[in-house]
Amino acid sequence: MVLDRRALLLGAGSSFVVACSGRAADNGHDTAGNAAVPRKTSPVTGGNPALIPSLWTGFKGSFVQPDGRVIDTGNNGVSHTEGQGYALVLSATAGDRDAFDRILAWTEKTLTRSSDPLYSWRYDPNAAQPVGDPNNATDGDMLIAWGLMIGADRWRERFLAERAAAIRNALHDTMLRQVGNDLFLVPGGTGFEQQGRLTLNPSYYVWPALERFRAADGDKKWDAVIKGGEVLIARARFGQHALPTDWVDVTPDGSMSPAAGRDPRFGFDAVRVPLYLAMAGRGAKADAIARFWRGYGAGPIPAWIDVRTGQNAPFALSSGAMVGVRRLLGQPLPAPTPQADYYASVLQALAYL
């Protein structure tokens, strides 16, 4: 249950170099002279700013089908709980009840599991059995619960709050593993434990969602989970720049290393780590990433770096991902731009929340 982000936007690297090369000016404009986007707070997401309407309209028009299925254009048109969850968060934040209901209905109809309140993680329209893997994805479930909580707050719908609570309880009851004194979230129910070693994904800690979970259920339930995520962030720092990799192995003694059998990259998954931290007011915990990104000055930032060899991607971060860079670095956010790719569009939209 691993999404392949490596193929994203390979052909557009040169255009991203132009779009992303400048640092924000001090006069409240981006380097192209466009006025920076003001960020207005809203109580809808627990104090987070409301989503800019054009961001949701563009995302919906490009990636949400009329039946509510969200299409990942970077992964052969599949759908997954990650995308459904992002769309629930964005549609609820934008106040689009009709789209929210269609996205939720498709998710419940297609991906619901009979064994628990969690969801099968992937739908492939080209497969003979579109939902061929019953495993869940913890981040997708977390995003869905968060979207339901935002929707419940906005529209005062008890059933949305109850469904979100059921997902939170199932995640807490089934997706936690103890290593020494630390409690970690595994990425899914199966496939991430081998001979006492856990394989974790730091970007599966959706920090703004976890903060909402703690606010709803209390410190006693989520404090240890949050502290385990903080341990992961503190220890999973590899290579010259002390960066997290997309996937991390944790041994029984608590030591961490880039995951065996996977590219040791700070890449397409890990780029969400600083974004989620910044969204939750925890940007200081991404200090090493901030230093790494600042080191590029006005030049383009590579889409990934191998923490062992230092090899960089031959193409730049997408313009959507670059908005998240600016969010972490405290720079003015530029006016949103249309994104041709699902993942780039998601990263851009999240940066404005």
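Helix axes are lines fitted to C-alpha atoms over the stretch in contact, and angles run from 0 to 180 degrees between N-to-C directions. Helices (H or I, at least four residues) and strands (E, at least two) are DSSP runs, numbered from the N terminus. The structure is a predicted model, in which local features need pLDDT of at least 70 and side-chain atom pairs count only at pLDDT 80 or more, while totals for chains, interfaces and linings use all residues. Residues are numbered from 1 along each chain as its sequence is written, and side-chain values use heavy atoms, with hydrogens and water left out.

Helices α6 and α8 pack at an angle of about 55°, and their axes lie 12 Å apart. The two helices α6 and α8 are therefore oblique to each other, where angles under 35 degrees count as roughly parallel, over 145 as roughly antiparallel, 65 to 115 as roughly perpendicular and the rest as oblique. The crossing of α6 past α8 is left-handed, a term applied if the near helix is turned anticlockwise from the far one by less than a right angle, with right-handed used if clockwise. In this contact (heavy atoms within 4.5 Å), Arg-168, Asn-169 and His-172 of α6 meet Lys-221, Trp-222 and Val-225 of α8. The contact of α6 with α8 comprises 2 nonpolar, 2 polar and 2 charged residues; Ala, Val, Leu, Ile, Met, Phe, Trp, Tyr, Cys and Pro count as nonpolar, Asp, Glu, Lys and Arg as charged, and the others, Gly among them, as polar.

Helix α10 (residues 287-294) packs against helix α11 (residues 319-329) at an angle of about 115°, with 10 Å between the axes. Here too, the crossing of α10 past α11 is left-handed. From α10, Ile-289, Ala-290, Trp-293 and Arg-294 meet Val-325, Leu-328 and Leu-329 of α11. The residues of the α10 contact with α11 divide into 6 nonpolar, no polar and 1 charged.

Strands β3 (residues 176-179) and β4 are paired in the antiparallel sense over 4 bridges, where pairing requires that DSSP finds at least two bridges between two strands. Within this pair, Gln-178 has Leu-183 of β4 as its bridge partner. The two strands β3 and β4 form a hairpin with 2 residues between them, and Gly-180 in the turn has a positive phi of about 60°. From β4 (residues 182-185), Asp-182 and Phe-184 point one way, Leu-183 and Leu-185 point the other way, and all are buried, that is, under 20% relative accessible area, as against exposed over 50% and partly exposed in between (1.4 Å probe, protein chains only).

Strands β6 (residues 197-200) and β7 (residues 248-250) are joined in the antiparallel sense over 3 bridges, and Leu-200 stands opposite Val-248 of β7.

Positive phi values also occur in loops. Arg-156, a residue other than glycine, has a phi near 55° and lies in the loop between α5 (138-155) and α6 (158-174). Arg-156 is exposed, at a relative accessible area of 67%. Ala-242, likewise not a glycine, has a positive phi of about 55°; Ala-242 is placed in the loop between α8 (219-235) and β7. With 25% relative accessibility, Ala-242 counts as partly exposed.
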